[in-house]
Structures are given as structure tokens and as C-alpha cells.
Amino acid sequence: MKLTLWTYEGPPHVGAMRVAASLTDVHYVLHAPQGDTYADLLFTMIERTTQRPPVTYTTFQARDLGGDTAELFKDSVRSTYERFKPAAMLVGASCTAELIQDDPGGLARALGLPIPVIPLELPSYQRKENWGASETFYQLVRGLCAPRPTTRMTKVGQPTCNILGPTSLGFRHRDDVGEIRRLLESAGATVNVVAPLGASAADIARLPDADFNVVLYPETGLQAAQWLHRTFGQPFTRTVPIGLGATDAFLAEVATLTGKAVEPTAAGSRASWYARSVDSTYLTGKRVFIFGDATHAIAAARIATRELGFSVVGLGTYAREFAREVRTAAGDLGLEALITDDYLEVEAKITELQPELVLGTQMERHVAKRLGIPCAVISAPIHVQDFPARYSPQAGLEGANVIFDTWVHPLMMGLEEHLLGMFREDFEFADGARPSHLPAAPATKPIAAGPAPAARPSAPITVHWTDIAEKELQKVPFFVRGKARRNTETFAKERGLETITIETLYDAKAHFAR
Amino acid sequence: MSALTVEPATCGSHNIRYERGQREVFCGLTSIVWLHRKIQDAFFLVVGSRTCAHLLQSAAGVMIFAEPRFATAVIDDRDLAGLADADDELDRVVTQLLARRPEIRLLFLVGSCPSEVIKLDLSRAAQRLSRRLSPGVRVLNYSGSGIETTFTEGEDNCLAAIVPTLPDADRDVRPNLLVVGALADVVEDQMRRLFAGMGIDKVDFLPPRRAHALPAIGPRTLFLLAQPFLAATAKALEQRGARRIPAPFPLGAEGTTQWLQAAAHAFDIGSARFAAATSAGLRRAEQAVAAIRPKLEGKRVFFFPDSQLEIPLARFLSRELGMGLREIGTPYLHRALLAEDLALLPPGSQLVEGQDVEAQLDRCRAAKPDVVVCGLGLANPLEAEGFTTKWSIELIFTPIQGYEQAGDLAELFARPLVRKTRLAA
Ligand code: SF4
């Protein structure tokens, strides 16, 4: 048993629902108790879909357990087929039904429906949502793509590809697809099928027609792409085109697959110019903490260091399946990756590192808010705010522009930060003063006050601040004061000083100057 | 409208159907979302799966702002394979939790579908942990599982679990009044003032705001249910000798008056004193409801089953706002507890107990109601089809009981309609 206060990912059958809800004509019959129908609201309330997800739950009750839950399941499959006439059906069990072992796959097969029925085995007590989505998509592709010779259908000089991985409830997947489709077309490749988002069962069956696959989100699309590669010899792209550098690397990869030359695009990008413009110099070396799913965390680390000139001080993911990739990315930055699905560990790390910007999930947004640190959201788990009405991709050229705005917006504007630093005693620069373009925060706690006690590293403070040094410390802008206090205390302790004077403060400042 | 009309308590005149099919209702775990805020030093530890944890955080508004007083002990494959001893595991998790939250005085172990299917004996675990942690922390258990409970029944089971721990009231003291069912603090305070005004000053509420402030009960205790879904709690109270005061539920001017009046009768309060205590509130409630009535009068409402509040709500909408009732779906129909409300519904009302969601959607489309009351999974898709909806969960998370909230309650139903007309412009 694991004490869980909050979780980054739902159970694996929610991942399967995300795939089912992405497709236009596939229905999922889920052997599950009534409470599990809560998952519908993820789609109807968070993504604001206009239709219920295509999921039928058997909603068995305790009194059915002694009787025949298997019969109930068969009835549900039968009536679902009659009512919805789907082109294919997914069948499976949620955590509770997994325990009663009714074998949904076998039961559904026995009904002899005239459509493909794909059984899902998603171990609820070991796996999680993204794994469930990946496995479901993979099983669906396996189930619907008939074996055939590996010759492509396309004509020479007209390369085609599929975009794999985007799903319902994915972080900006909707808009990324539009962006990447345009990018591929500009590189001379035609998009055959996007899947699972917006595909039909017949589209899935057409996947092998394409010359290559674009794996937009490895979390959901890689497993299927690997199988398509093994089975039909379709190569697939390795770079996720999020960020300008990654977009160019992606285009170069596409060029080798299409045999068509492409122009690098980053140089002409607005985000790139803004990052080079003088008022972005204040972004230099901003200390950034990054946490999210693997795709977005790795992309964010690359953008932060190479495209914005930040210093990444922490990098991590909740996606254990991709821990290796994130460890490598962290290693390249001289960091040790934080791999955890316990948000309290993430909170403790942020508290310890005192970054100047947090790039994380909605949970890190809350943590950062409590700590008074600016934050931008870069990854699922999904929140209603992650489905903006406007076009807002993360991938490709426009994605880079969106990211530039989203990350820079919560920070102080350059001159404003200097003025705050210079005129600490102006009464309008009270602690907790926020950038003037953002609404006033309700009593932002200074960083040093810290969050929930248990999450804090409990270093007992034995050094003492003189009044005058303490007063001087108050002149340090609040958003770096916590860091200054910690650094000075560490500095003093390392030197065995018991009292911190103004001299100690400035000695420490010089010592830690970067 | 006379707020004091009492009609014979019968439901024989309605069309009641039982339906069995796919349900689209949350499980009892969901009650934790409001209970953990109500009992301030209690903590709810669900023993369940990742699904249970995900349900709770999704229903609680997706993200947590303050650290909530609930968590899930997520069962993993080691537990299932018997590699880990369930008692040891639970002890470890509880120890970890209490170290983190030392202010906890009452800990609920909440059963889920997985814990019940694998037959984890949480009542034994609760007794064992209670012994170990006493006197600092009391440990109780109840089921919030989806195979045993829907939505609000989680509160019922939670309160029923508290009842045996209530102290015994002295036999010779004056009768006391116990109001049962979680209410917003502001509503409780209003009720307390109204009862005091009529001379009933020994009033307690269950659940209490603090875990140690448990009301004493006994054969001289009379209780009023403030929520209609508390069948198990009522039974547990009756087993302790307390007696239920039958009444319609305190929704709307009429419902509140009859609810209060039932208590007044039981405590032998004279009508003059009753009127003096309640007339100002009643007048305000009637006024507030009358102001909204033109927006709702003649409009037809269709209820999908959700919180078991459907019948008292339908009674309020039909009698005080002049709305027409289409189907009234409810997950369970406790006829005895709802007898007074059922008697006030227009004869021949269409009641459906249970659910078959697809068939019900078909009937809803055919009935073309002006307002559909439904859960979060159905609301937006129905809006997209052109219906006007009121999400039922808001009726649980908003103070709606009593005189001062009668207008707010009416407004909850009027707002989606008003919004439609504004957006059409
Ligand atoms: S229905 Fe059962 S398994 Fe599902 S969330 Fe509720 S208690 Fe957990």
C-alpha cells in the first residue's frame, strides 16, 4: 500500500478511455462499478467535449457479485453494439473488475459480433494512465492493421506519414497536430493519418500505407510506432518538435526520411528574435525548476537552456516508463533527475532549490504559488485552463512563440526588476509586490515562510542574525530573499560563524556570485 | 400558497418505476469531498485503488489548494499477491499519515470496491488501530464503495459509523433535538437561532464540526433529518432509542416551515411562539422565491438521478415556483423518509428509481424539458444538444437549506435559463 494524497496520473483504464474518446467510431465497454463513471467528467468538464466519451460501464453492484457479473458484461456488450453500432470495440476491466476475473475479452469474443473486438489487459495495480493509453493504442493498431506486404502505396517523390500519439485530454495535443501537420506539409510530406486523435477505425487500418511515422508523444505513440516499424518496416522520427532547436532537428530527421531538403526555420522565428532582443538579457541565468511528463520536461530543459539562456537547477518526471530518457537529459545538464510520482517530494525539492521560475504541472503551479515563485504550466495532468479557447500549440514554430510568452509572462519585466532591487524602501514595493502586468496577489507569503512544515527540509538554524544584518536582508527583493538568507546561513555555518553581520551577508553574496 | 398545508403522507398516487442498467452516479467516496471540510479534525483514509484516489481528486475540483484531509492507501500488486500483510501495511500507512498530520483526532478507514472484493476487514483494522492509538485518535470505518453506495450514501454510512460512538444522554434530562446531515456552517447557525427562538435550546448537529464535540443521545433524543439520504444513520439512531420526527426536507419556504413545525410539534411549542420565531424568516423566503418565480413558472424540469435530493427539490420547484415536473430520477427512493415530500408532489408524478442512462437520455430528449438536472458527465453534452442544464453536484456544495437560502436555491435553477436568454441576444 502506498499513501497517496494526490496523483499525477489516473488508472490505466482512463488512458484507454482517452484513446477511445480520441477515435470517431470505436466504443469501449468497461467492466466497472458505478463510481468509475466519474471519468466521464474529465472529458465533458475539463476538455469540454460536446459528447460523452464512447464508454459503457457495466456498473455492477455488490449484489451482482454473488450472481453473474459475466452475464451482465455480455448484456452490456450486446446492447452497446446494438445502440452505437461502432466500427470496433475495446473491452476491458477497471481495478475492481480485474479482481473478479470475468475475462471481458473471452466473453465479448463469445458473442461473435461482426466487428473487431479488442481485449485490453491493463494491470490496474501496477500501471498508470499513460501506460494504459499507450498499450490501448498499440493493441488497437495491432488489432486493426491487417498483415500485408511492406511495399508502400505512395508514389515516388510524394512521401506520406502518420502523426502518432495525440489523444483526448493531452496537453495541447489538439493544437500541436495542426502545427505539425503544416510543418510536415511545408517539408513536402503529406499526412496520411493522425491517430488516435480524430481517427476512425478505418483510418487506423490505413496506417501501414504511409512511408514513415511521426511520434509526436512517445508516452502514447512510441509503442505502436515500434510495432509498425517491426511489422511493416515503417521508420519513425525520434525528435519531438517542441522548441525551435528540436523543431529544426525534427525537420532534418524528416528530410532524411523524405529525401527532400528543408530549410531550417528557427532563425526566422519571432520567439528566437525576442530571446535575442536586449530586454531579454534579464532572463540570463534565471534558475529554473522543471517537472512534468517526459516529453514536455525534456523539451522544456532544452528550450530553457539553449533558447532562453536560463539555468536549469532541477529536472524531473512522474513518468517512470521514460525515466531513462529524463535521466539522460538531466545528466547532460549536470543534474540528477527527480523521478517520482509523489508531489510532496517535488515540493520539497522546489523548496530546497528556491528556483526563480518553476515549469511544471498544475500541481507545481500550486506549490509555486504557495512559495511565491513564478510558474508556467508545461505538462499534463490536465486542467480546464489547459484547453484555452485560442489556438495555443506547444510544438513547432508557433509552439515556440506560445512557450516564450507563457514562460516569460510570469516573470518581472527587466527594468521593473531593477527598480524593485534599487528602491527597496519605496512603500509601494512592499513585500509580495508582483509584476505590474499581473493582478495583485492575495498576500503572497515571502519565500522564507515556507509551505506545509513536513515538506520542508528541517535544518535547525543555529546561527544568529544581528538586527542590522537582518534589516539589510530585508532590502533584498523578496523573490530572492529566501535564497539569500539560506546562502548566508550556509556560508556562516561552513565557517563556524555564530553571528551574521552585514559583513557576513556581503561576504556570502560575493561567495555565491554567479 | 399556504406554507402550512399538510396532505396525507402517501405515495400511492405516483408512477414509480425501478430501472436497472448503466448508472451514471458517483460512488459514496465522493461524500468525503464535503465531509472532510465539515469535521475539522477528522481525516478520511480510503483503502482502495488509484481509481479511488483519482475519483476523489477529480470530484474535489481537480486540484487541491489547501492540503485536504483525505488520502488513499493505494493497494498494489504486492498486497494482492499476499506478499505484504494487509494489517502491517495499513499500520505503516496510518503511522506515516499521523506523523504528517498530528492534529487528527478521528480517522475514518473508508472501504472501496477493491478493499471489499478482496475482503479486507476494515472494521477489525479500525478496532485494532483504535486500541493502539487511543486516547489521542479514534479510528472508525465505513464503506464508500461503488458496489455498495452511491454518492451521498457515503455520508449516510459515515454518520451511521459515528452513531455508536455517541455518548449516552442522561435518562432524566429534558429531551434534546438532534439535526442530522451535513449542512453548511452558516445554515446550522441559522437553524440554531430559529430553534432557540421557539424555545428549543438543546440542539445538536451530526456530524459535529469537531470530532470530540460528539452530541449525547438516548431515548429522550428526537432527531430531524436535514438530508434525505440518511436511512442507515436514522436506523442506527433509532437503535440507540432516539426517535425520528417525520417531516419534509427544509428546502424552500414551505419545506423549511414544515420541517421546523414538525420539531415544534414534537417539543410542544405553541403556534404563537412558533409563528413569532419563524414569521420573519418565512416572509423573507417567500419574498425571495416570489422574485424568481416568474423566471421559472411553467417551465418543465427533468431530473437525472444523483444525490437523492431530487424528490424534495421537485416538490419545491413544483409547489413554490410553479414548474412542471417531467421525470424525477433518483438513485434510491427511501419511501418512509420521503413520505412527507412525496405527499406534496403533484399526484401522478413520474418517479424512476435506479438508472439506465441511455434509455433515460432517450426519454429526456423526447420530453424536451426546459431544465435538466444532471451530473457532471452529462451536463455539457446535453447543453451541446441544446438543453439547459443544472449540475446537481452544485446542489450539494452550496448552502440551500432553510429560509435564508430559499431564494438562492430558486436562483440556482433560474440562472442557466437567464443565461441562455442573455447569450441568445
Ligand atoms: S466505484 Fe469503487 S473503485 Fe471506483 S472509485 Fe468508487 S470505490 Fe473506487
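Colleague: Is Phe26(B) buried or exposed?

Modeller: Buried means under 20% relative accessible area, exposed over 50%, partly exposed in between (1.4 Å probe, protein chains only). Phe26(B) has a relative accessible area of 10%, so it is buried. Phe151(B) is buried too, at 0%. This is a predicted model: local features need pLDDT of at least 70, side-chain atom pairs count only at pLDDT 80 or more, and totals for chains, interfaces and linings use all residues. Side-chain values use heavy atoms, without hydrogens and water.

Colleague: How many aromatic pairs are found over all chains?

Modeller: Rings of Phe, Tyr and Trp (its six-membered ring) pair if their centres lie within 6.5 Å; planes under 30 degrees apart are stacked, over 60 edge-to-face, the rest tilted. The whole structure holds 14 aromatic pairs. In one of them, Phe26(B) and Phe151(B), the centres are 5.9 Å apart and the planes at 85 degrees, so the pair is edge-to-face.

Colleague: Which ring pairs with Phe151(B) at 5.6 Å?

Modeller: Trp34(B) does, with planes at 85 degrees, so this pair is edge-to-face. Trp34(B) is buried, like Phe151(B).

Colleague: Which residues do ring pairs link into a cluster?

Modeller: Trp6(A), Tyr8(A), Phe291(A), Tyr318(A) and Tyr343(A).

Colleague: Where does the charged end of Lys85(A) sit?

Modeller: A charge sits over a ring if NZ of Lys or CZ of Arg is within 6 Å of the ring centre and within 35 degrees of the ring normal. Lys85(A) has its charged end over the ring of Tyr81(A), 5.7 Å from the centre. Arg23(B) lies over the face of Tyr332(B), 5.1 Å from the ring centre.

How values were computed: Residues numbered from 1 in each chain as written. Chains lettered and ligands numbered in written order.
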